[in-house]
Amino acid sequence: MAFSSQTPTIVVLKEGTDASQGKGQILNNINACLAIQDTLKPTLGPFGSDILIVSSNGKTTISNDGATILKLLDIVHPAAKMLVDISRAQDAEVGDGTTSVTILAGELLKEAKTFIEDGISSHFITRGLRKANELAVAKIKELAVEVKKDDPAEFRQLLERCATTAMSSKLISKNSEFFTQMVVNAVLSLDQNDLDENLIGIKKVPGGAMEDSIFVDGVAFEKTFSYAGFEQQPKRFTDPKIVSLNVELELKAERDNAEVRVEQVQDYQDVVDAEWKIIFNKLEAIAATGANIVLSKLPIGDLATQFFADRNIFCAGRVASEDMDRVLKAVGGRILSTCSGITSDDLGTCANFEEVQIGSQRYNFFKGCPEAKTCTLVLRGGAEQVIAEVERSLHDAIMIVKRAVSHNSVVAGGGAIEMELSKYLRDYARTVAGKQQLIINGYAKALEVIPRQLCENAGLDGIELLNKLRSAHAKGEIWYGIDFQRENVGNNMASFIWEPALVKINALESATEAANLLLSVDETIKNEDSQEGGRGRGAY
Amino acid sequence: MAAQQQGMAMPDMSNAIVAQDEMGRPFIIVRDQGKKQRKHGLEATKSHILAARSVASIVKTSLGPRGLDKILISQDGEITITNDGATILSQMDLDNEIAKLLVQLSRSQDDEIGDGTTGVVVIAGALLDQALELIEKGIHPIKIANGFDEACKIAIQQLDKVADEIKISADASDPNLLRAAKTSLGSKIVSKSHDQFAQMAVDAVLSVADFERKDVDFELIKMEKKVGGSLEDSSLIKGVLLEKDFSHSQMPKHIEDCKIAILTCPLEPPKPKTKHKLEISTAEEFKALQEYEQKKFQEMIDCIKNSGANVVACQWGFDDEANHLLLANGLNAIRWIGGSELELLAIATNGRIVPRFEDLTPEKLGTAQSIRELEFGTTRDRMLVVEGCSNTKSVTCFIRGSNDMIVDEGVRALHDSICVVRNLVRDNRVVYGGGAAELTCSLAVSEAADRQKGIDQYAFRAFASALDTIIMTLAENSGLDPIDTLSGLKAKQATEKSSQLGVDCLGKGTNDMKELFVIDPLIGKKQQLLLATQLTRMILKINDVIISGKDEY
């Protein structure tokens with residue numbers, strides 16, 4: 001036969017499909033991740049800088065938060081996307097440490113790269129990393145210092161210290177004393193069994209300095225759209241009764257598609273009167289409950305506004321749903337979808353209500369709420385980007401405090417725990433025979449990236465300080481880390497640079513998992529973009 | 001695959017995030033990488049500082065009483081002439097991100113304090129300028145920012161220390177308030193009639209101020225403007241100004257002892273909101289409808305008459321027939337009043353807004369001493385002035401001027417001075433203007449600098465010289481020798497231990513700002529320093545800029 005001598009080419013995949021494989025592919029993926037790691041590196045630590053990102057729609061973000069930056073980078077490389085995912089997972093799980101998890105994963109891959117180039121099977125590396133991770137996590141659990149919850153003063157101190165550490169790398173680090181109090185108060189005001197951080201409302205008002213931010217033990221929301229007559233309503237109450245509605249209080253057609261056929265001219269007036277009666281019945285029912293403040297998720301029209309103004313009742317329509325939820329949490333009561341049969345149980349109350357001017361906006365404050373399981377932070381700052389970054393920083397700190405409330409064991413930050421783990425793994429590696437020794441040593445070396453990068457960002461001599469740290473840890477000083485105040489090494493446990501142990505455990509685990517996953521991929525099959533060359537997507 | 005497409009159109013890879021595969025070909029990690037611009041490290045910081053500096057240098061010449069104005073022409077050819085920092089910056093269509101931050105900075109000063117918008121940008125620019133020098137010395141940007149923060153704290157302590165309390169009374173002729181208002185008007189176009197404008201500002205604030213809560217509700221002060229006449233024709237109306245005329249040309253132009261019915265329903269037969277249909281098949285039915293309508297009109301007029309009102313203010317329009325009936329019944333009417341104006345009218349006249357004719361009662365009527373129609377020169381524009389209202393807590397500032405630009409600038413100037421007066425009502429502590437406050441801060445900071453260890457010492461000195469820039473700019477804008485003035489004043493402040501010495505911008509012959517009564521509210525000055533320092537920190541902290549290319553479809 002003519003073609004028995006040569007193997008015919010068998011086309012399995014559609015033409016244009018990208019299929020790369022083998023060792024080259026793994027290295028390729030690692031390189032991509034390292035490029036991402038490089039971008040994030042300068043943002044780590046108290047001397048980490050910010051990144052300014054302008055998205056294609058012209059929105060500017062200035063941030064130091066790893067997860068935020070990665071999200072905005074718009075990464076398309078499939079392997080590099082993994083890093084985005086782990087930082088996002090860390091954000092969702094613990095809310096802080098998003099930069100360090102990415103850097104750690106990158107560093108693990110960097111170590112693995114040399115092994116792969118040396119021809120060690122990727123499965124072998126994976127196993128070694130997993131083993132090292134297990135050991136490291138067990139070690140953190142062993143080292144972590146438990147803080148007693150019984151003593152509220154001491155417990156509060158723990159929370160404050162954790163919050164301060166979380167803020168140290170952010171824009172607000174210089175005002176951390178002020179914001180620490182704010183964050184700890186906010187978390188402690190929540191229901192301690194549930195800790196739903198969504199109940200901490202964060203409102204942003206441009207203008208003012210950052211210290212002008214306000215903590216409200218209740219709810220605050222921006223003045224809603226109002227109709228004529230609103231200004232004649234009282235703007236201040238003590239112990240008001242609050243009724244929360246999901247009813248539209250407006251003179252309008254009851255049914256959208258209804259049509260009335262008027263037979264006679266005389267009937268005309270009756271129809272009009274009937275419509276008025278419907279709305280007046282609603283309004284009178286509300287007024288009869290003795291409520292002082294009427295809130296509704298739906299619009300409150302001009303007629304109702306004037307009606308309430310006549311009766312010294314304050315009203316706000318079109319209250320945003322999440323604001324309304326928090327109002328209910330704070331003042332009690334229930335959302336009503338009808339105006340009839342309102343009982344006093346359905347009404348909420350608070351110590352005082354006031355409409356206050358903040359910057360150029362007016363805010364409704366509900367303060368001193370009896371069942372306050374919610375609170376609001378009103379953030380101020382010189383520019384929108386400043387406030388947005390303050391919000392992100394506070395979010396991180398809130399999450400850390402929240403974690404610390406449920407898991408009250410801490411480790412020292414500033415690279416201290418990483419160095420101790422590194423030392424521990426190195427010691428352990430010596431007891432292992434065979435290639436695993438190399439891998440565990442590699443893990444130990446990767447951990448040192450955190451203190452090294454911290455030094456680099458602060459402009460300190462990384463090599464010297466790292467060696468000092470190594471020798472300190474060898475002498476048994478387990479909490480020695482970088483001390484930025486003295487630009488030297490020091491006991492970070494004693495200088496209160498604390499982080500919840502959970503954050504570290506989670507970071508190590510996610511970083512290892514991500515590294516393992518990337519190492520075990522050796523083939524990418526990518527279908528061709530369905531629109532060839534269209535939409536300016538660029539090449540992958 | 002990646003590299004093939006790369007080969008076809010090689011984007012600029014010099015500053016993108018690049019990794020190379022085993023063959024040494026670059027591949028793409030980030031979407032639209034080629035189009036993204038990226039700046040990194042010190043280069044980024046430096047270019048930011050340069051951008052900020054150029055913005056600051058634009059507004060620099062507008063600082064102080066002898067500051068000059070800028071002409072801004074918007075895209076659709078509208079012209080604005082102003083020397084208000086916030087206005088200049090917001091009208092400039094800036095493209096640079098850092099420059100935009102400065103715009104927001106001046107806006108937040110404007111929102112919060114309402115004055116000192118130029119100063120805050122100049123300080124921020126000067127701080128960044130100083131930071132650049134330090135960065136070139138090799139100091140870490142964040143350490144500089146930390147040092148600035150510490151220095152700012154000291155400056156603020158110093159401000160607190162030198163602040164004077166001035167007495168404020170609710171009396172409209174209070175000299176302190178008047179003079180403070182005058183200071184803020186000093187640099188504006190209205191300065192030739194600034195006595196009058198200052199008086200307007202003080203009167204306006206005092207009539208709406210709530211001294212107990214130390215709060216001033218700006219919504220009660222309305223600004224109306226009208227081209228024509230001169231700035232001196234501007235006046236404060238203790239009442240409401242409506243840009244409307246009476247609905248019928250034969251209605252009297254001036255009414256005394258008004259009782260006003262404020263309506264939100266049209267003077268038309270009521271209509272149901274539900275969709276409706278009336279079928280008319282015979283002539284009788286048509287007649288019945290017409291009679292019904294006429295009856296309704298009569299009922300409405302009766303309702304108004306019975307309540308005792310002699311003026312009808314309505315949010316909606318009237319039928320011609322209604323208009324005629326109103327005239328016939330001797331009722332003056334105003335139609336198509338906007339929602340917020342109606343509300344203002346209701347507050348001013350103590351009336352209630354009435355949604356239905358049936359609800360009209362004598363107690364719901366608003367009262368005012370007079371309503372008169374203003375006519376302007378030969379134009380056919382008319383305005384209604386409601387004066388002598390029962391509630392004086394609502395005023396309107398009526399600004400006149402020979403052209404649009406002057407009127408607009410007048411409004412802005414008046415707004416600034418109203419803000420100053422408001423700030424004094426809120427907090428009556430003041431520091432002295434003319435650069436005196438900055439100078440004393442500068443002295444305090446440089447004195448503290450010597451006590452600092454390490455890098456902070458440099459940052460402190462830089463902070464002090466940034467503050468000096470304000471004084472130098474003031475001197476320069478006033479035509480004085482900046483270095484001479486600064487050094488002279490500095491020596492004088494140090495030897496006389498007086499924090500009241502500032503630049504004698506107007507050539508009054510003395511440097512004692514207390515004597516000249518050039519004051520600034522303490523909160524305004526503090527805010528300036530805080531905002532500028534915080535913004536500087538933010539800019540210094542950025543060392544990586546990634547800008548997506550614009551989408552090209």
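Domain bounds here come from an automatic or database domain assignment. The model is predicted.

Q: What makes up chain A, in terms of domains?
A: The assignment divides chain A into domain 1 (18–145 + 411–526), domain 2 (148–217 + 378–407) and domain 3 (219–371). Between the centres of domain 1 and domain 3 of chain A, taken over C-alpha atoms, lie 54 Å.

Q: Which domains are given for chain B?
A: Chain B has domain 1 (39–165 + 434–548) and domain 2 (239–391). The centres of domain 1 and domain 2 of chain B, again over C-alpha atoms, are separated by 54 Å.

Q: How do you know that chain B is in contact with chain A?
A: Contact requires heavy atoms within 4.5 Å. By that criterion, 84 residues of chain B touch 100 residues of chain A.

Q: What is the area buried between chain B and chain A?
A: The size of an interface is often given as the accessible area lost when the parts come together. For chain B and chain A, this area is about 7,900 Å², and carbon and sulfur atoms give 54% of it.

Q: Why is the meeting of A:Asp50 and B:Lys541 called a salt bridge?
A: The term requires a side-chain nitrogen of Lys or Arg within 4 Å of a carboxyl oxygen of Asp or Glu. Between chain B and chain A, the count is 4 salt bridges. Helix H4 (residues 97–112) of chain B gives the largest share of the side of chain B that touches chain A, with 8 residues. By class, that side of chain B holds 34 charged, 31 nonpolar and 19 polar residues.

Q: Why are strand E10 of chain A and strand E13 of chain B said to pair?
A: Pairing calls for at least two bridges between two strands. Strand E10 (residues 259–262) of chain A and strand E13 (residues 275–278) of chain B are joined by 4 bridges, so they qualify as paired. The two strands run parallel, and A:Arg261 stands opposite B:Lys277.

Q: Why are strands E4 and E21 of chain A left with one side without a neighbour in the sheet?
A: The open sheet has 3 strands in the order E4-E18-E21 (chain A), with antiparallel pairing. Strand E4 (145–146) and strand E21 (498–500) of chain A stand at its edges with a single partner strand each, so one side of each has no neighbour in the sheet.

Q: How do you know that E4(A) pairs with strand E18 of chain A?
A: At least two bridges are needed, and E4(A) and strand E18 (residues 409–412) of chain A have 2 bridges in the antiparallel sense; the pair therefore meets the definition. In E18(A), A:Val410 is the bridge partner of A:Val145.

How values were computed:
Residues are numbered from 1 along each chain as its sequence is written. Chains are lettered from A and ligands numbered from 1 in the order in which they are written. This is a predicted model: local features need pLDDT of at least 70, side-chain atom pairs count only at pLDDT 80 or more; totals for chains, interfaces and linings use all residues. Side-chain values use heavy atoms; hydrogens and water are left out. Buried area is the accessible area (1.4 Å probe) that two parts lose on being put together, summed over both. Ala, Val, Leu, Ile, Met, Phe, Trp, Tyr, Cys and Pro count as nonpolar, Asp, Glu, Lys and Arg as charged, and the others, Gly among them, as polar.
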